[in-house]
Amino acid sequence: MQLRFDVANSPSLPDWLKQRVRGVAGRKLTADGVLVLVAQAHRSQERNREDAKARLVEILAKAAERQAPRRPTRPTLASKTRRLEAKSTRSGVKKMRGRVDPD
């Protein structure tokens, strides 16, 4: 059973949600903007229909979620210290790789 929902021409969806659905749906969205969901998990057509509707609602709900904006943080003093120690250790390893002096 296939469920088709025309995302691009749907009057009930705002434009920002249509853009987000394009990102969430992936390969399930055709070039024309039609969302195609195939449901074959159950033996009865009715249960497959319910499954496809539930997945459509899930995709729309996931697209409607607003992500919290990332707040940039500063590195802690301990992480700076660890980074510098790792750099000096690596520097020492590379210095030891040089040519061996005969004396």
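## From V93 into the fold

Let's start with V93, which counts as partly exposed, at 39% relative accessibility. Some terms first: a residue is buried under 20% relative accessible area, exposed over 50%, and partly exposed in between, using a 1.4 Å probe and protein chains only. You'll find V93 in helix α3, which covers residues 77–95. From there to R66 is 27 residues along the chain, and the two C-alpha atoms are separated by 47 Å.

A word on what you're looking at: this is a predicted model, in which local features need pLDDT of at least 70 and side-chain atom pairs count only at pLDDT 80 or more, while totals for chains, interfaces and linings use all residues. Residues are numbered from 1 along each chain as its sequence is written, and side-chain values use heavy atoms, with hydrogens and water left out.

Now step back to the whole chain. The protein has three helices and two strands, and they come in the order β-α-β-α-α when you read from the N terminus. Helices here are DSSP runs of H or I with at least four residues, strands are runs of E with at least two, and both are numbered from the N terminus.

What radius of gyration does the protein have? It has 27 Å, whereas a compact globule of 103 residues would come out near 13 Å. That radius is taken over C-alpha atoms, and the globule rule is 2.2 Å times the number of residues to the power 0.38. Along the principal axes, the C-alpha atoms fill a box of roughly 85 × 35 × 25 Å. Buried residues make up 20% of the 103.

R49 is found in helix α2 and is partly exposed, at 29% relative accessibility.

Next, helix α1 (residues 15–25), where L17, K18, V21 and A25 are buried. Why do they end up on the same side of α1? Because they cover an arc of only 100° around the axis, the arc being that of the directions from the helix axis to the C-beta atoms. As a rule, an α-helix has 3.6 residues a turn, so residues three or four places apart point the same way. On the face turned away from that buried side sit the exposed residues D15, Q19 and G23.

What do the buried residues of α1 pack against? Their partners are β2 (34–38) and α2 (45–64); contact means heavy atoms within 4.5 Å. Leaving aside neighbours within four places in sequence, V21 is in contact with V7, L60 and A63. After α1 comes G26, whose phi is positive, near 65°.

Over in helix α2, have a look at N48. This residue is buried, with a relative accessible area of 7%. With neighbours within four places in sequence left out, N48 is in contact with M1, A39, Q40, A41 and H42.

Finally, charge. The side chains include 25 positive and 11 negative ones, and the centres of the two sets lie 6 Å apart. Lys and Arg count as positive and Asp and Glu as negative, while His and the chain ends are not counted; each charge is placed at NZ of Lys, CZ of Arg, CG of Asp or CD of Glu.
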